[in-house]
Amino acid sequence: MGEIWIKEAERLGDGSIGGAMDSPSTPGRVVWHTTESGAGNASFNSVGSYLRTVASEPHLLYDPTTDRLGQYGPLNQSARALKNDGSTRTNRTGKVCIQIEVLARAATPFTGYWKPGPNFKALMRAVRSWGVPDTWPAGSCAPGASRNRTTWATKGGHYGHCHIPGNDHWDPGNIDRNAILKAAPGGSSTPSGGGSTSTSGVSRAKVTINGLAYGYGATGAHVTAVGKALVAAGCSAYVDGPGPTWSDADTKSYQKWQKKCGYSGTGADGVPGEASLKKLMGTLPKAPAKAPAKPAVTPTVDLSNLIAAARKDPGLKQGGTSHAADVKIVEAALKAEGLLAAAYAADGSFGSTTVAAYRKWQQKLGYSGSDADGIPGKASLEKLGTAHGFKVKA
Ligand SMILES: [Zn+2]
């Protein structure tokens with residue numbers, strides 16, 4: 001669990017802006033916005049209350065000229081500064097989707113004049129506490145940025161509003177993406193870890209590429225493989241030779257490779273990027289498929305069966321026991337949650353009592369209104385399954 005309220009931030013509003021995330025099993029991410037306003041305390045106060053009036057609160061409001069930081073809502077729930085992408089609730093995508101409004105204008109990138117201080121470091125510390133990697137999966141925030149749906153659905157890291165599918169805003173403008181990551185030490189997913197830079201000035205940032213971690217402290221056979229490839233490419237800074245744990249020597253060796261590839265400045269910081277890694281290894285190394293933790297014994301619930309049963313699909317017998325096996329697993333879990341009386345808990349019929357119990361489960365997760373209608377949805381069912389030992393087939 002990461003930081004929910006940043007202790008350095010002042011509280012804005014009543015602390016309640018959103019609800020549970022829809023895809024908590026996908027990586028955490030950050031979305032940067034600009035308010036298209038001036039900065040300073042008067043703007044902070046007026047824009048801060050305007051965002052509440054129009055119900056478009058981000059999690060955080062940041063003044064790049066004074067380092068003032070405010071927080072509207074808990075980081076483990078959704079904010080509401082994005083538009084939905086059709087039926088996909090972009091505000092609720094990911095383990096966290098931390099939205100930051102910077103008091104600035106997209107036309108004049110704030111990284112050109114900002115003065116990040118202790119509060120910005122606190123902001124980045126909180127972001128990293130959720131395992132959000134120091135990467136920009138959708139690339140540049142310059143005009144014409146890509147709004148790739150697959151990238152947004154699957155990759156953790158930092159995004160601009162300009163990268164979000166189904167949205168038409170182009171903020172935060174062409175900011176220096178590396179400056180954001182480098183303005184605060186601690187560029188790994190370890191919240192209390194040391195600085196992002198070792199005493200010898202070598203970056204200790206960590207990245208995840210294709211499901212594998214690289215950078216200081218990353219471990220695995222893939223780290224050894226990169227080390228060997230670096231040696232083969234004549235880019236060794238090793239004293240003892242490459243091993244399975246990424247050290248400063250790996251970073252220095254990788255830096256030589258980046259320079260050989262023509263990168264410079266922050267592009268040659270020794271922390272792998274997708275392009276240079278692919279060039280080095282010939283192909284992008286991929287995380288091996290994980291063996292299932294409990295083979296063959298975890299029951300699977302079919303979401304569409306459940307929905308059909310709950311809606312009393314005309315194809316089913318009225319109040320019937322079709323899909324009873326799926327329904328019974330869910331009923332047992334609802335009973336274990338204390339939401340369904342034992343008398344109804346094993347009838348295998350998704351009747352009105354079970355619908356009412358499921359609605360309570362949705363409400364328990366923070367859903368309300370039409371999101372808490374008692375008809376199972378993927379996210380709420382997966383949470384129930386995680387808590388009570390079943391898998392969901394969507
Ligand atoms: Zn925006």
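Colleague: Into which domains is the chain divided?
Modeller: This is a predicted model, where local features need pLDDT of at least 70, side-chain atom pairs count only at pLDDT 80 or more, and totals for chains, interfaces and linings use all residues. Residues are numbered from 1 along each chain as its sequence is written. Domain bounds come from an automatic or database domain assignment. The chain is divided into domain 1 (10–182), domain 2 (206–281) and domain 3 (300–393).

Colleague: How many helices and strands are there in the chain?
Modeller: Helices (H or I, at least four residues) and strands (E, at least two) are DSSP runs, numbered from the N terminus. The C-alpha trace that carries them spans about 70 × 55 × 35 Å along its principal axes. The chain has 11 helices and 10 strands.

Colleague: What separates the centres of domain 1 and domain 3?
Modeller: The two domains are in contact, through 7 residues from domain 1 and 6 residues from domain 3. A contact here means C-beta atoms, placed from the backbone, within 7 Å. Taken over C-alpha atoms, the centres of domain 1 and domain 3 are separated by 35 Å.

Colleague: Which percentage of the residues in the chain is buried?
Modeller: A residue is buried if 20 or more other C-beta atoms lie within 10 Å of its own, exposed if 12 or fewer, and partly exposed in between; C-beta atoms are placed from the backbone. The chain has 394 residues. Buried residues make up 43%.

Colleague: Which residues touch the most other members of the largest nonpolar core?
Modeller: A nonpolar core is a set of buried Ala, Val, Leu, Ile, Met, Phe, Trp, Tyr and Cys residues joined through C-beta atoms within 7 Å. The largest one holds 64 residues. The members that touch the most others are Val30, Tyr62, Leu123, Val127 and Tyr214.

Colleague: Why does this core lie between domain 1 and domain 2?
Modeller: Helix H2 (residues 118–129) gives the most to the core, with 5 residues. The core lies between the two domains because residues come from both domain 1 (10–182) and domain 2 (206–281).

Colleague: Which residues does Tyr62 touch?
Modeller: Residues up to four places away in sequence are not counted. That leaves Leu69, Ile100, Val102, Leu103 and Leu123.

Colleague: Which residue in S4 is the bridge partner of Arg11?
Modeller: S1 and strand S4 (residues 69–71) run parallel, joined by 2 bridges. Arg11 has its bridge partner in S4, and that partner is Gln71.

Colleague: How many residues of S2 are buried?
Modeller: Arg29, Val31 and His33 point one way from S2. Val30, Trp32 and Thr34 point the other way, and all are buried. The count for S2 is 6 of its 6 residues.

Colleague: Is Gly156 buried or exposed?
Modeller: Gly156 sits in the loop between helix H3 (149–154) and S6. Leaving aside neighbours within four places in sequence, its contacts are Pro27, Gly28, Arg29, Gly94, Val132 and Pro133. With 21 other C-beta atoms within 10 Å, Gly156 is buried.

Colleague: How many C-beta neighbours does Ser23 have inside 10 Å?
Modeller: Ser23 lies in the loop between S1 and S2. Beyond its neighbours within four places in sequence, Ser23 is in contact with Thr93, Gly94 and Ala379. Ser23 counts as partly exposed, because its C-beta neighbours inside 10 Å number 18.

Technical notes: Pairing = 2+ DSSP bridges.
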